[in-house]
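I opened my notebook to get to know a new structure, one look-up at a time. Come along and check each entry against the picture.

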Amino acid sequence: MSETLHIVGGGMAGSEAAWQAANMGVDVVIHEMRPHVGTFAHRTGDLAEMVCSNSFRSDDDEQNAVGLLHWEMRAAGGLIMAMADRHRLPAGGALAVDRDPFARSVTAHLMNHPKIIVQHTEITSLPEGGHWIIATGPLTSEGLGQAIAAETGAQALAFFDAIAPIVYHDSIDMSRAWMQSRYDKGDTEEERTAYLNCPMDRDQYEAFIDALLVAEKTEFHEGETAGYFDGCLPIEVMAERGRETLRHGPMKPVGLTNPHQPEIKPWAVVQLRRDNALGTLYNIVGFQTKMKYGAQTSVFRMIPGLENAQFARLGGIHRNTFINSPTLLDAQMRLRTRPHVRFAGQITGVEGYVESAAMGLLAGRLAAAEILGRALPRVPQDSAMGALIHHITGGAEARTFQPMNVNFGLFRPVEGFKGGRRGRIDRYRAYTDRAKAAWSGWLEAQIADDMSFAP
Ligand SMILES: Cc1cc2nc3c(=O)[nH]c(=O)nc-3n(C[C@H](O)[C@H](O)[C@H](O)COP(=O)(O)OP(=O)(O)OC[C@H]3O[C@@H](n4cnc5c(N)ncnc54)[C@H](O)[C@@H]3O)c2cc1C
């Protein structure tokens with residue numbers, strides 16, 4: 001008999017992790033605190049409850065990174081995708097899900113699995129031994145949150161994400177923007193040119209402030225606001241405090257010279273910073289926001305150089321517990337200081353139902369393989385799964401780490417395909433073809449190694 005795998009949290013990630021590990025022959029206990037202990041967003045005691053929208057987003061596995069993730073999870077016999085497909089609602093190219101039957105079906109499959117036990121208990125400390133996956137999500141209970149903070153250090157655990165928008169580098173107009181660190185600070189050329197700068201004249205700045213002030217904003221959920229103002233003011237709130245506030249804050253124009261117009265001093269400068277090691281993504285520094293997504297796109301495209309910007313993700317401020325995975329986790333999602341504890345799901349710094357379930361799928365397989373004494377081949381970086389796990393466990397900038405959706409900016413470039421708008425269809429197709437081949441190879445290697453994954 002194998003050792004038991006304990007999974008804390010029966011959400012998207014924990015449910016998928018349990019399914020994968022149990023199908024590999026490992027005994028699993030899911031510890032889920034609901035319905036005895038609730039959260040402000042969950043309504044039921046079901047596993048895999050969708051707390052807000054009922055969409056798994058695009059189901060296009062040729063032109064969309066999240067659709068590709070769907071494909072990879074289906075290929076791996078994923079329970080979350082199988083039940084989403086079973087309870088699919090008409091929604092064009094998106095995968096919308098009938099949420100209550102979906103959660104009930106996931107729950108029934110897990111409860112009826114001979115290798116899985118579900119216990120409705122809250123876990124409030126980090127385990128000393130055994131095999132564990134922590135998949136407690138964005139609303140991790142307070143007791144466990146404190147235990148994680150005590151282990152990782154308070155700096156490495158966030159209770160809110162204050163996300164600045166992230167832009168694809170190849171959609172920025174470099175005939176208007178330029179690379180320069182403030183006062184050319186830095187010992188190397190790379191450091192001296194670490195920031196991408198977009199200049200504004202006075203009229204552009206005033207129009208931008210007007211747009212910020214009238215833009216539609218989202219409201220906080222009830223119970224969500226505690227602690228939010230700690231150093232992460234939304235830009236529109238800064239603008240409300242005074243028209244000059246941003247010009248003296250994240251948009252200050254000092255220490256910078258625009259090489260395209262060296263004789264003209266910009267009135268304000270928007271700075272972007274590299275967001276991944278590949279250099280394909282840049283975040284807009286200090287631009288966390290509660291503006292609605294539609295408003296963000298039009299307001300941010302007012303910034304010179306970003307007129308045609310494509311966004312890998314838009315900004316937001318949410319209640320969200322997540323760890324600084326790039327510094328805390330190894331490539332197998334194990335806590336470096338306690339390798340018997342893995343993390344999975346949104347708490348690792350991915351964002352969304354699909355991404356969370358995907359990281360649960362990987363954690364479940366990795367943990368089960370470890371328990372069974374089998375070495376899994378490294379998750380291929382060119383798959384969507386691999387691009388995500390690589391991002392959170394090493395590819396992302398640890399200093400500015402914020403939760404991330406899957407997107408093509410996380411993928412290594414494909415030889416022979418140029419960036420930019422033109423050729424995007426062919427480029428995305430090349431990404432998804434390459435990913436499917438890599439992922440299929442990874443799965444086949446496990447079957448060849450005599451591992452069974454009956455869905
Ligand atoms: C208000 C809100 C709205 C959201 N809207 C969307 C959306 O529209 N679309 C989207 O894709 N994503 C959305 N998300 C993110 C979404 O929650 C995640 O993408 C996804 O549910 C994360 O999966 P998970 O398994 O990591 O966490 P969850 O699905 O939240 O599962 C974690 C589970 O752990 C349990 N738990 C917590 N602490 C403990 C403990 N100490 N002991 C035992 N059990 C515990 C919880 O009860 C929960 O069941 C939203 C999040 C929030 C907070």
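This is a predicted model: local features need pLDDT of at least 70, side-chain atom pairs count only at pLDDT 80 or more; totals for chains, interfaces and linings use all residues.

**Entry 1: a residue in helix 1**

I started with Ala-13, which lies in helix 1; helices here are DSSP runs of H or I with at least four residues, strands are runs of E with at least two, and both are numbered from the N terminus. Residues are numbered from 1 along each chain as its sequence is written.

Is Ala-13 buried or exposed? I found it buried, because it has 35 C-beta neighbours inside 10 Å. The cut-offs I used: buried means 20 or more other C-beta atoms within 10 Å of the residue's own, exposed means 12 or fewer, and partly exposed is in between, with C-beta atoms placed from the backbone.

Next I listed what Ala-13 touches, leaving out residues up to four places away in sequence: Ala-135, Ala-344, Gly-345, Ser-356, Ala-357, Met-359 and Gly-360. A contact means that the two C-beta atoms, placed from the backbone, lie within 7 Å.

Met-12 also has its place in helix 1. Met-12 counts as buried because 30 other C-beta atoms lie within 10 Å.

**Entry 2: the ligand**

Then I looked up the UniProt record. In this unreviewed entry, the annotation "binding site" covers Gly-9, Gly-10, Gly-11, Met-12, Ala-13 and Gly-14. I kept in mind that UniProt positions are given in the numbering used here, that feature names are shortened, and that annotations may be inferred rather than shown by experiment.

How many residues surround the ligand? I noted 35, and the closest are Gly-9, Gly-11, Cys-52, Gly-137 and Gly-345. Being near here means having a C-beta atom, placed from the backbone, within 6 Å of the molecule. Two elements give two or more residues to this shell, helix 1 (12-23) and helix 11 (353-371). Helix 1 gives the most, with 3 residues.

By class, I wrote down 14 nonpolar, 17 polar and 4 charged residues in the shell. In this scheme Ala, Val, Leu, Ile, Met, Phe, Trp, Tyr, Cys and Pro are nonpolar, Asp, Glu, Lys and Arg are charged, and the others, Gly among them, are polar.

I traced an open sheet of 6 strands with mixed pairing, in the order 6-2-1-7-17-16. Two strands pair if DSSP finds at least two bridges between them. Which strands stand at the edges? They are strand 6 (116-119) and strand 16 (334-335); each has a single partner strand, so one side of each is left without a neighbour in the sheet.

Helix 11 packs on this sheet and touches strand 1 (5-8), strand 7 (131-134) and strand 17, and its direction makes about 175 degrees with that of strand 7. For that angle, axes are lines fitted to C-alpha atoms, for helices over the stretch in contact, and angles run from 0 to 180 degrees between N-to-C directions.

Strand 16 and strand 17 (residues 338-343) pair in the antiparallel sense over 2 bridges, and a hairpin of 2 residues joins them. Arg-334 has Arg-342 of strand 17 as its bridge partner, while Leu-335 stands opposite Arg-338.

Pro-35 lies in the loop between strand 2 (28-31) and strand 3 (55-58).

Tyr-183 is not a glycine, yet its phi is positive, about 55 degrees. I found Tyr-183 in the loop between strand 10 and helix 6 (189-192), and it is exposed, with 10 other C-beta atoms within 10 Å. Asp-184 is in the loop between strand 10 and helix 6 too, and its phi is positive, near 55 degrees. Asp-184 is partly exposed, because 13 other C-beta atoms lie within 10 Å.
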